[in-house]
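The stops below are meant to be selected one after another.

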Amino acid sequence: MGDGSVTPRIGNMRALLGLVAGAGASYGIYKLISEVSIKRNKKSVPSDSPGVWSSSPGDLTPKPGSLLAKVSGLDVVCPRPADVASGDIIHQSPDNLDPQHLKMLLSCLQTNTKPSDRCRILVTLGNAAAFTVNQNLIREYEGIHIIAGFLSDSAAEVRVQTLNALNNLCMNIQNQEQIKVYVPQVLELIEMSPVNSDLQLGALRLMTNLSVTEKHQHLLKDSITLLLSLLVVSNEALQIQALKVLVNLSSNPDMMDDIVQAQAPASVVLLFDARTAFAVLLRLLTFAGNLKAWRPSAQVANELRRKQDCLFRVMLDESSQLHSRLVQLLSHPDGEIQAQVARVLT
């Protein structure tokens, strides 16, 4: 997952945002479950268990519909590294880690100088953080701040695994109170990292989880222009993740003023096209539907029209191309897309 340095360069977000600058409810909203009762069981997990992990030996991918799959979509894997200081612990199943194991892992994380070992420890902590009891223990051991300290690690892979661990820890409401402090740093990673990198994807996943409830959404109001710009420069995976955040934010009426005033590339309207990937188009339509549900007064609308390149002018104003593109999508071959288009138009 080599992402290179976070130092700005011609291929990073600042350069690409420069290219698009001036170019001038909700589907898939994930319900944050703050407390998940997962009983520890050293026997095989029955196939109908609501747990996170598959019961097949050696298969540690999230079950479809599990908490981890719903909230982050993060594929959690448990590596089998060569022996390191914490190797015996890393080899254990994440739901069988005892409190002393978590303490030892956090201690090793702070003292280990090898990036590869730090990655392995972070992956193990991230896997453990899929379970509520471990989420609470890591917080109690000051583990969130220890882990977040590696957001500025010199190794890109370490930063990626740090984001993944924080992503799982963020499924806990109490943990969010500590993680929210790092929002500016995470947003900077999105902006400064190479486009379509694992760093950007991991950071957006974390922002998705943090924006599921309205409590911390105001922390992301300055990121809306960045998210809209990502839609026109990124691959499908990042487009989907950016739209998840935008859909979450646009579901909150209190965020709408910040959203419609944000600067937006005019080319975002071109994504409302039958050739756009289904998963992207469906979320775009959900986002557009949330915007259309907002009804500004005539005075507010006139003020917004004077703001050059703001999202209101790009997508909501009478001069916007969005309406004509939506009409064309009424003939989309997929019935779900047609239904969402009709919702936006009515």
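This is a predicted model: local features need pLDDT of at least 70, side-chain atom pairs count only at pLDDT 80 or more; totals for chains, interfaces and linings use all residues.

Residues are numbered from 1 along each chain as its sequence is written, and side-chain values use heavy atoms, with hydrogens and water left out.

**Stop 1: H4 and H5**

Select helix H4 (residues 99-111) together with H5. Helices here are DSSP runs of H or I with at least four residues, numbered from the N terminus. The two axes come within 10 Å and cross at roughly 150 degrees; axes are lines fitted to C-alpha atoms over the stretch in contact, and angles run from 0 to 180 degrees between N-to-C directions. The crossing of H4 and H5 is left-handed, a term used if the near helix is turned anticlockwise from the far one by less than a right angle.

Now show side chains. H4 contributes Leu102, Leu105, Leu106, Cys108 and Leu109, and H5 contributes Arg118, Ile121, Leu122, Thr124, Leu125 and Ala128. Contact means heavy atoms within 4.5 Å. Sorted by class, this contact has nine nonpolar, one polar and one charged residues. Ala, Val, Leu, Ile, Met, Phe, Trp, Tyr, Cys and Pro count as nonpolar, Asp, Glu, Lys and Arg as charged, and the others, Gly among them, as polar.

**Stop 2: Gly126**

Stay on helix H5 (residues 115-128) and pick Gly126. Is Gly126 buried or exposed? Gly126 counts as buried because its relative accessibility is 5%; buried means under 20% relative accessible area, exposed over 50%, and partly exposed in between, with a 1.4 Å probe and protein chains only. Leaving out residues up to four places away in sequence, Gly126 touches Ala165 and Asn168. Ile147 is 21 residues from Gly126 along the chain, with 9.8 Å between their C-alpha atoms.

**Stop 3: H8 and H11**

Next select helix H8 (residues 156-169) and helix H11 (residues 198-210), which pack at an angle of about 15 degrees with their axes 9 Å apart. Residues at the contact include Leu163 and Leu166 of H8 and Leu199 and Leu206 of H11. By class, the contact of H8 with H11 has seven nonpolar, four polar and three charged residues.

**Stop 4: Gln241**

Move to Gln241 in helix H13 (residues 236-250). Gln241 counts as buried because its relative accessibility is 6%. Neighbours within four places in sequence aside, Gln241 is in contact with Leu201, Leu204, Arg205 and Thr208.

**Stop 5: H15 and H19**

Select helix H15 (residues 278-292) and H19, whose axes come within 9 Å and cross at roughly 15 degrees. The crossing of H15 and H19 is left-handed. Among the residues that meet are Phe278 and Leu285 in H15 and Ile337 and Val341 in H19. This contact has eight nonpolar, four polar and three charged residues.

**Stop 6: Thr346**

Finish at Thr346, in the segment after helix H19 (335-345). Thr346 counts as exposed because its relative accessibility is 77%. A polar atom of the Thr346 side chain lies 3.0 Å from the backbone oxygen of Ala342. Gly289 is 57 residues from Thr346 in sequence, and their C-alpha atoms are 9.4 Å apart.

How values were computed
Helices (H or I, at least four residues) and strands (E, at least two) are DSSP runs, numbered from the N terminus. A polar contact is a pair of N or O atoms within 3.5 Å; within protein, one must be able to donate a hydrogen and the other to accept it, and residues adjacent in sequence count only if both atoms are side-chain atoms.
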